[in-house]
Amino acid sequence: MKILVKAACAAGLLALGACGGGADDRAAANIEAAGENQADALEAQADATNNDQLHDALEAKADNIEDAADAAADRADDQDDARIENQVANHM
């Protein structure tokens, strides 16, 4: 799963890099990176536990964080609004 997520993020960053490179694009990349970092930390916690229920809950939370970060990054890029990065950072 981690390899797939990293490949998807890399493809997303390449697509963002092909755009104009404005502040909204950098904000979108930052939002995605922050979400991925949080998700990676949760996945590491999940891998370290012996409790199957806790493992599944942490994996689900990591997936939700990644999805929310991707949606926020898309919103920042679509609206050409770098201020969304600050809004997301205050809620993560």
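Predicted model: local features only at pLDDT ≥ 70, side-chain atom pairs only at ≥ 80, totals over all residues.
Visitor: Is Ile 65 buried or exposed?

Guide: Ile 65 lies in helix α3. A residue is called buried when its relative accessible area is under 20%. The relative accessibility of Ile 65 is 16%, so Ile 65 counts as buried.

Visitor: How many Å apart in space are Ile 65 and Ala 39, C-alpha to C-alpha?

Guide: In sequence, 26 residues separate Ile 65 from Ala 39. In space, the C-alpha to C-alpha distance between Ile 65 and Ala 39 is 6.3 Å.

Visitor: What pattern does the chain follow along the sequence?

Guide: The secondary structure consists of four helices and zero strands. Read along the sequence, these elements give the pattern α-α-α-α.

Visitor: What share of the contacts with a separation of 6 or more comes from residues 24 or more positions apart?

Guide: A contact requires heavy atoms within 4.5 Å. Among the contacts in the chain with a separation of 6 or more, residues 24 or more positions apart account for 59%.

Visitor: What percentage of the accessible surface belongs to carbon and sulfur atoms?

Guide: Of the 92 residues in the chain, 32% are buried. The accessible surface of the chain comes to about 5700 Å². The part belonging to carbon and sulfur atoms is 52%.

Methods. Residues numbered from 1 in each chain as written. Heavy atoms only, no water. Helix = DSSP H or I, 4+ residues; strand = E, 2+ residues; numbered from the N terminus. Buried < 20%, exposed > 50% of the residue type's maximum accessible area, 1.4 Å probe, protein only. Areas by Shrake-Rupley, 256 points an atom, 1.4 Å probe, with all protein chains shown as cover.
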